Amino acid sequence: MEERGDIETHRQELRRGTLVLACLHLLRTPGYGYGLLEQLGAAGFPTDANTLYPLLRRLEKQGHLTSEWNTDEARPRKFYRTSEAGTRLADTLFADWRAISDALGGLSD
């Protein structure tokens, strides 16, 4: 069972970085937390709310996301959107991801 825990730890580390990239990409179109959780899950990035919401706050604090409250509905929702700095970061990370993917693809078995 120890091996299983080790595998999950490494998977978590791998997903952590890809989650940032996925959020920055998806939030080029404004979205709110719960809707983003659903989008991520549908796209193959199952994420827990306890992981996503702190990530969104951190990315906003770093200037990679902007937010505004929509109070038009009965329940106010905070909508996030990728900022210009976040778009630049996402573009850079995508390029890095492609380079890493290409490098891994070039490894022999």
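This is a predicted model: local features need pLDDT of at least 70, side-chain atom pairs count only at pLDDT 80 or more; totals for chains, interfaces and linings use all residues.
## The whole protein

The protein contains 4 helices and 3 strands. Along the sequence they follow the pattern α-β-α-α-β-β-α. The C-alpha trace spans about 55 × 35 × 25 Å along its principal axes.

Of the 109 residues, 23% are buried. The exposed surface comes to about 7900 Å². Carbon and sulfur atoms supply 52% of that surface. Now take the contacts with a separation of 6 or more: residues 24 or more positions apart account for 45% of them.

## Helix H3: length and sides

Helix H3 covers residues 49–61, which is 13 residues. From first C-alpha to last, H3 reaches 18 Å. That is close to the 18 Å expected at 1.5 Å a residue.

Which residues of H3 are buried? They are Leu52, Leu55, Leu56 and Leu59. An α-helix has 3.6 residues a turn, so residues three or four places apart point the same way. Asn50 and Lys61 lie on the other side of H3, and they are exposed.

## The ends of H3

Asp48 caps the N-terminal end of H3. One of the side-chain oxygens of Asp48 lies 2.8 Å from the backbone nitrogen of Asn50. Asn50 is also one of the exposed residues of H3.

Just after H3 comes Gly63. Gly63 takes a positive phi of about 90°.

Definitions and conventions
Residues are numbered from 1 along each chain as its sequence is written. Side-chain values use heavy atoms; hydrogens and water are left out. Helices (H or I, at least four residues) and strands (E, at least two) are DSSP runs, numbered from the N terminus. The expected span of a helix is 1.5 Å times one less than its number of residues. Buried means under 20% relative accessible area, exposed over 50%, partly exposed in between (1.4 Å probe, protein chains only). A polar contact is a pair of N or O atoms within 3.5 Å; within protein, one must be able to donate a hydrogen and the other to accept it, and residues adjacent in sequence count only if both atoms are side-chain atoms. Contact means heavy atoms within 4.5 Å. Accessible areas come from the Shrake-Rupley method with a 1.4 Å probe; for residues, only the protein chains shown count as cover.
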